[in-house]
Amino acid sequence: MSFFLFKGNRKYIHGTDIAIYLEKYIQKPLKLFDLKITKQIKTQPRILLVNSLKKRLKKSSATCKIKGKKNIFILFLETKNKVLNSYSYDESLLANNYYINKKRGKCLITTSLHSVEILVSLTKYWHQKRVCKGEWMFTRLKLNKWFNKSNIKNIEIENFLNLNNKSTISKVFENKKLIGE
């Protein structure tokens, strides 16, 4: 069983921590990484590798489909096991590195943070500044290429769909190359 921690002052397991955990299942070449978070995970999840996502989909809090040399399907199910600790995280420190306009957000920074953390933080910042203030939740990440391992993070988003100012879908670029949404 994995032992997740809460990120910062959150009381749920952050989607970036789930994505980083799932990185170990990715095989090269990656054809698809599709993480969907349907509800906040507030306890240590039970993680199941299954033959397809059709089974138990209604009971899961998150699912991931990874296609590479073989297909991998993963479910995250709530348990009664509490998350006991958190780790320090202040994403407001990243905001000075973001450049945004009406449709785009960009970050070029050298950091040991994972690229998915930069991406999600940048997207949240852009959404709250350009679309709608208030709570924002990371619910899906769909990539056809996984992030580079470099400490130089060159992440860009381009919004292409705004759903009633509640949800947005953005193209994701790393080093100026489209890698997903």
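I began with Glu-156 and Arg-104, whose side chains meet in a salt bridge at 2.7 Å, N to O; the term stands for a side-chain nitrogen of Lys or Arg within 4 Å of a carboxyl oxygen of Asp or Glu. This pair links distant parts of the chain, with Glu-156 in strand E10 and Arg-104 in strand E8 (residues 104-110), 52 residues apart. Helices (H or I, at least four residues) and strands (E, at least two) are DSSP runs, numbered from the N terminus.

I noted that this is a predicted model, in which local features need pLDDT of at least 70 and side-chain atom pairs count only at pLDDT 80 or more, while totals for chains, interfaces and linings use all residues. Residues are numbered from 1 along each chain as its sequence is written, and side-chain values use heavy atoms, with hydrogens and water left out.

Next I looked up accessibility, where buried means under 20% relative accessible area, exposed over 50%, and partly exposed in between (1.4 Å probe, protein chains only). Glu-156 is buried at 12%, and Arg-104 is partly exposed at 28%.

Arg-104 also forms a salt bridge with Glu-158, where the closest N and O atoms are 2.4 Å apart. Because Arg-104 lies in strand E8 and Glu-158 in strand E10, the pair ties together parts that are 54 residues apart in sequence. I found Glu-158 partly exposed, at 21% relative accessibility.

I then searched the whole structure and found seven salt bridges. One of them joins Glu-23 to Lys-149, with the closest N and O atoms 2.9 Å apart. Glu-23 lies in the loop between helix H1 (15-22) and strand E2 (32-37), and Lys-149 in the loop between strand E9 (140-143) and E10, so the pair ties together parts that are 126 residues apart in sequence. Glu-23 counts as buried at 16% relative accessibility, whereas Lys-149 counts as exposed at 67%.

Last, I turned to the aromatic rings: those of Phe, Tyr and Trp (its six-membered ring) pair if their centres lie within 6.5 Å, and planes under 30 degrees apart count as stacked, over 60 as edge-to-face and the rest as tilted. By this rule I counted six aromatic pairs. The rings of Tyr-98 and Tyr-125 have their centres 5.4 Å apart and their planes at 55 degrees, so this pair is tilted. Tyr-98 is in strand E7 (residues 98-100) and Tyr-125 in helix H2 (residues 115-130), 27 residues apart. Tyr-98 is buried at 7% relative accessibility, while Tyr-125 is partly exposed at 25%.
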